[in-house]
Amino acid sequence: MIMLAMLTMTLAANAQFEKEKKYIGASLTGINLSYNGSKETTFGIQAKGGYFIEDCWLINAMIGYDKAGKDINGVFQIGAGARYYILQNGLYGGLNAKGVFSSGYNDVMPGIELGYSFFLNDKVTIEPAVYYDQSLKKHSDYSTVGLKVGIGIYL
């Protein structure tokens with residue numbers, strides 16, 4: 001993933017949040033910084049791709065995988081969402097929904113996130129965010145609040 005991200009950094013791009021720009025991102029979720037009632041801590045990875053349909057409005061699709069420990073099965077995720085860049089300096093809010101699949105467990109989880117895009121140059125960002133995913137299956141065990149850190153590339 002890191003090599004793919006580094007290769008993508010060499011492409012010509014414009015980092016502004018303008019209509020018809022594209023977005024590629026990857027993030028590490030959890031890293032012992034998320035919590036829900038059934039597994040307490042988790043580690044996960046997500047990949048995203050998106051497109052600006054209007055200035056400051058990004059729609060995206062994601063795929064991810066979470067692992068909570070050696071005794072708990074891994075969880076596969078697929079979903080879609082939208083971001084609105086509140087300020088041109090990188091502050092954004094996002095809404096999403098994802099399907100979560102594991103052996104013996106399937107769920108639909110709408111979520112919300114608040115993050116910031118720190119620009120390293122005119123294309124590449126570091127994107128920390130706090131998030132909340134609401135379980136529609138069992139709120140007390142599977143709803144999750146956490147922190148994720150990602151890298152974003154704006155093409």
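How many bridges join strand β1 to strand β9? Seven, and the two strands, residues 22-29 and residues 144-154, run antiparallel. Before I go on, a note on the source: this is a predicted model, local features need pLDDT of at least 70, side-chain atom pairs count only at pLDDT 80 or more, and totals for chains, interfaces and linings use all residues. Residues are numbered from 1 along each chain as its sequence is written, and side-chain values use heavy atoms, with hydrogens and water left out.

Strands here are DSSP runs of E, at least two residues, numbered from the N terminus. Two of them pair if DSSP finds at least two bridges between them.

Back to β9. Threonine 29 stands opposite lysine 148 in that strand. Strand β9 also pairs with β8, residues 124-133, in the antiparallel sense over ten bridges. There, valine 124 stands opposite isoleucine 153 of β9.

Next, β3, residues 57-67. Eleven bridges join this strand to β2, residues 43-54, and the two run antiparallel. Phenylalanine 43 is opposite lysine 67 of β3. With β4, residues 75-85, strand β3 pairs over ten bridges, again antiparallel. The bridge partner of aspartate 66 in β4 is valine 75. Strand β3 has a covered face, which includes Leu58 and Met62, and an uncovered one, which includes Trp57 and Tyr65.

The hairpin of β2 and β3 has two residues between the strands, and cysteine 56 takes a positive phi there, near 75°. Which residues does cysteine 56 touch, not counting those up to four places away in sequence? They are Phe17, Arg83, Tyr84, Tyr85 and Gln88, where contact means heavy atoms within 4.5 Å. Cysteine 56 also belongs to the largest nonpolar core, nine residues in all, with Phe17, Leu58 and Tyr85 among them. Such a core is a set of buried Ala, Val, Leu, Ile, Met, Phe, Trp, Tyr and Cys residues joined through side-chain atoms within 4.5 Å.

Last, threonine 125, which lies in strand β8. Is threonine 125 buried or exposed? Threonine 125 is buried, with a relative accessible area of 0%; buried means under 20%, exposed over 50%, and partly exposed in between, using a 1.4 Å probe and protein chains only. Leaving aside neighbours within four places in sequence, its contacts include Phe118, Leu120, Ile151 and Tyr154.

That is what I have; comments are welcome.

Technical notes. Helices (H or I, at least four residues) and strands (E, at least two) are DSSP runs, numbered from the N terminus.
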